Amino acid sequence: MAPPSTDDIDWDQYLLDYDWANNNWRNVIGDLQLVPWERVTSSTVYRIAQLHREYDDRNGTKDGQLNPVTIERLRRLNIDEITPRSQRSDRSMVDWISPRDKPRKSWTPSTPRKNAPPPVDLPPKDTGHFTIGFELELPIAVYRRGGLMADRPHPHDLRFEAERIVDDNQDPARIRREIEDEVLRVLNNDTDMVFIRRHEDEGTLLYDFRERNLQELEAGRDSLEPEAGDEEDSPPPSPSGPSVNVTQLPPNLKTSARNIADMAIQQFYDPGVTPAPGQNFDLSKSLRTATDRELRDALTTVPLSGVGTQHEVDQTRKLAWYHLQVAAFQAQRDPLHVHLPGMKERYRAFSVYAMPDTDFNNMRWEDYTDAPPVEEAENPADLYGWEMIKIASPVMDARRTQEVQQALLVIIRVVRQHFRIHKDVAAIPATTQINLSHTEGFTLLEAKKMLTLFALLEGNLARLNRRFRCESAYSHVCGDVKTISNLGALSAADPAAENFDPLDILPRPPYADRVRLLDEMDEYFPAEYLLRGDPDVAEKVFYTSVWLYEDISALCAAATAALRVRRTALVAKLRGEQHTHREERGKEEEFIAEKFGYWFDVVDAERGVFEFRGCSGTLDHHHVLAWATIGGCIVELARADAATYRNALTRIMRGDESILDILQVDKGSQDWYRARMGDDGYFHPSDDGPVSWNDPFWPPMP
């Protein structure tokens with residue numbers, strides 16, 4: 001390959017015409033060094049580099065020698081040199097200006113490699129499984145404004161109304177507690193699942209201290225009652241106050257403490273336990289939802305006899321308090337939950353809590369048909385006291401498909417039967433969230449593949465949900481990762497601007513690491529996508545940056561919304577470096593392994609979870625299941641091998657196939673969505689259209 005001597009040569013055509021498939025580029029490396037790369041388009045540079053890699057893969061000729069084409073490709077993809085188009089000076093002149101009599105080459109995605117070596121049979125990647133969870137946000141009309149003497153806005157609807165809220169001058173915390181208690185009572189009574197409340201101090205150091213102590217108490221009973229002959233003084237951890245020196249308590253006091261705890265437990269109603277003959281308890285109290293105050297009150301009502309000194313009385317009651325706490329902690333486990341050591345208490349059961357920051361003031365009469373005269377109220381929010389209630393499932397085994405589906409169906413049926421829950425409208429920012437994880441955690445590579453795949457699919461996924469969900473007004477609920485994330489915002493910013501990237505979000509690996517990481521990107525990501533047509537510099541920066549991270553925590557921080565008031569449509573809660581954190585076994589882990597006969601590593605403190613937030617609030621279980629199916633297919637593809645993943649991305653970029661086919665979504669879910677796609681290309685539920693004010697709530701299920 002001798003370089004031509006004429007200046008009017010078409011270098012793109014010249015380089016592409018050479019038979020790179022059958023010639024080693026090393027034999028013409030001197031000629032490649034003489035190529036005027038400023039006269040070659042980026043798409044040609046990438047194509048030649050790809051042909052060179054294919055030759056090396058096919059012939060096993062990788063030797064670490066630097067390729068002039070690869071160096072030029074890396075220079076053009078170097079994110080540190082990328083600036084807004086108005087300031088670009090390092091791109092090829094041909095990329096900027098095309099002669100009018102010579103149309104630019106159109107971009108064609110590459111096809112999967114045909115001459116690649118056959119795959120090697122590898123042992124199974126892991127023995128774990130996916131976990132799933134769902135979160136339903138319910139906008140509930142709790143009470144009528146004006147008090148009980150005011151007219152009912154919907155007199156025909158006799159579902160729950162908080163009659164103890166007698167006027168509008170009530171403490172908001174009391175109103176939230178009223179509806180939380182009622183939802184908990186109904187779901188615990190009408191289902192065989194375990195529903196608990198969320199602790200108000202969750203997320204604080206005090207909560208973490210209490211949580212860990214309860215886990216130790218549940219798993220480490222030997223510390224409460226050590227075996228005879230145990231000479232070591234090992235008092236149990238105490239959530240409050242001094243520890244009990246169990247080894248110094250005589251057997252009769254230990255027995256008294258256990259009996260006191262059992263008598264206190266009997267004061268609580270447990271929907272799963274049949275009361276003994278003559279047993280009386282308060283039906284309004286459940287061990288599942290009991291507060292610390294209620295537990296202490298129950299304990300103080302139990303008489304203590306046969307105990308001598310005041311010190312022995314104090315120690316006995318302290319030990320009884322430990323037993324009572326453990327009993328309440330155990331009662332807050334749902335049979336469906338996956339046993340992950342160190343997980344939050346409410347992730348072990350279905351939890352119910354209010355979302356006090358929800359704004360209902362955007363509701364307007366023009367959003368409804370059959371609206372009453374405006375003088376009756378300025379907007380619908382003035383007629384009711386509204387609260388957004390969230391029902392969050394525990395972490396469940398995704399393989400138990402039928403049980404998960406049945407749990408979802410039962411919950412939806414019960415809440416629609418008992419509560420007035422507003423239908424989905426743009427003015428009420430309710431979300432149906434699907435949480436997906438894996439018991440083996442996620443690697444850095446899988447996290448990169450997941451964020452890349454989701455970013456490519458964002459526009460398509462938006463069409464599978466209500467159109468208003470992709471409007472800028474919804475960026476506080478489910479904004480685009482490529483737009484509102486830290487990395488997305490920086491990708492579109494001017495790096496020459498003052499105070500650019502003050503938090504060091506963008507990755508800056510050394511040159512040698514950059515080369516290695518971009519080679520990894522080339523293996524999974526068809527990078528010619530970045531060079532097609534009129535390339536978007538922000539997209540180049542975003543996708544290239546994703547693959548330059550060397551730490552999971554840093555990558556997920558970059559994918560987090562830049563502003564605290566916003567949320568991305570995909571929230572990645574992962575921590576770690578090359579793999580999400582795994583802790584060594586402690587007492588609870590050993591207890592779980594022994595009791596349940598199996599073990600897998602803890603994912604990490606954040607559970608290593610991907611939250612899908614694109615779906616609007618819905619109480620149609622078919623809709624929830626279809627959306628969960630799509631999320632599951634996305635996570636599975638992100639864990640696929642390089643060839644499968646790259647091929648799927650190429651098909652997505654072509655844009656001539658349905659993403660539901662590419663993701664291998666089952667036919668039932670595909671048919672459900674296709675039957676509800678409107679002429680505008682967006683999802684429209686079967687009851688879509690203006691909501692009638694005469695009937696704005698989800699009706700009871702048949």
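Asp504 counts as exposed because its relative accessibility is 57%. Exposed means over 50% relative accessible area, buried under 20%, and partly exposed in between (1.4 Å probe, protein chains only). This is a predicted model: local features need pLDDT of at least 70, side-chain atom pairs count only at pLDDT 80 or more, and totals for chains, interfaces and linings use all residues. Residues are numbered from 1 along each chain as its sequence is written, and side-chain values use heavy atoms, with hydrogens and water left out.

Asp504 sits in the loop between helix 16 and helix 17. Helices (H or I, at least four residues) and strands (E, at least two) are DSSP runs, numbered from the N terminus. The phi of Asp504 is near 55°, a positive value in a residue other than glycine. Most residues other than glycine have a negative phi. Asp501 also has a positive phi, near 50°. Asp501 lies in the loop between helix 16 (486-491) and helix 17 (511-524). Is Asp501 buried or exposed? Asp501 counts as buried because its relative accessibility is 5%.

Now to the charged pairs. Side chains of opposite charge can pair when their charged atoms come close. A salt bridge here is a side-chain nitrogen of Lys or Arg within 4 Å of a carboxyl oxygen of Asp or Glu. A search of the whole structure finds 27 salt bridges. One of them joins Arg399 to Asp397, with the closest N and O atoms 2.8 Å apart. Arg399 counts as exposed, at 57% relative accessibility. Asp397 is buried, with a relative accessible area of 9%.

Another salt bridge joins Asp680 and Arg467, whose closest N and O atoms are 3.3 Å apart. The pair links distant parts of the chain, 213 residues apart. Asp680 is in the loop between helix 24 (667-674) and strand 12 (691-692). Arg467 is in the loop between helix 13 (444-462) and helix 14 (475-478). Asp680 is partly exposed, with a relative accessible area of 29%. Arg467 is partly exposed at 43%.

Asp661 and Arg674 also meet through their side chains in a salt bridge (3.8 Å, N to O). Asp661 lies in helix 23 (residues 659-662) and Arg674 in helix 24, so the pair ties together parts that are 13 residues apart in sequence. Asp661 counts as partly exposed at 39% relative accessibility. Arg674 is partly exposed, with a relative accessible area of 41%. Elsewhere, salt bridges that share partners join Glu135, Glu137 and Lys390 into one network.

How many residues of strand 7 are buried? Nine of the nine residues of strand 7 (residues 384-392) are buried, so this strand is largely enclosed by the rest of the structure.

Which strands pair with strand 7? Two strands pair if DSSP finds at least two bridges between them. Strand 1 (residues 130-144) pairs with strand 7 in the antiparallel sense over nine bridges. Ile140 stands opposite Glu387 in strand 7. Strand 5 (residues 350-354) pairs with strand 7 in the antiparallel sense too, over four bridges. There, Ser351 has Ala392 of strand 7 as its bridge partner.
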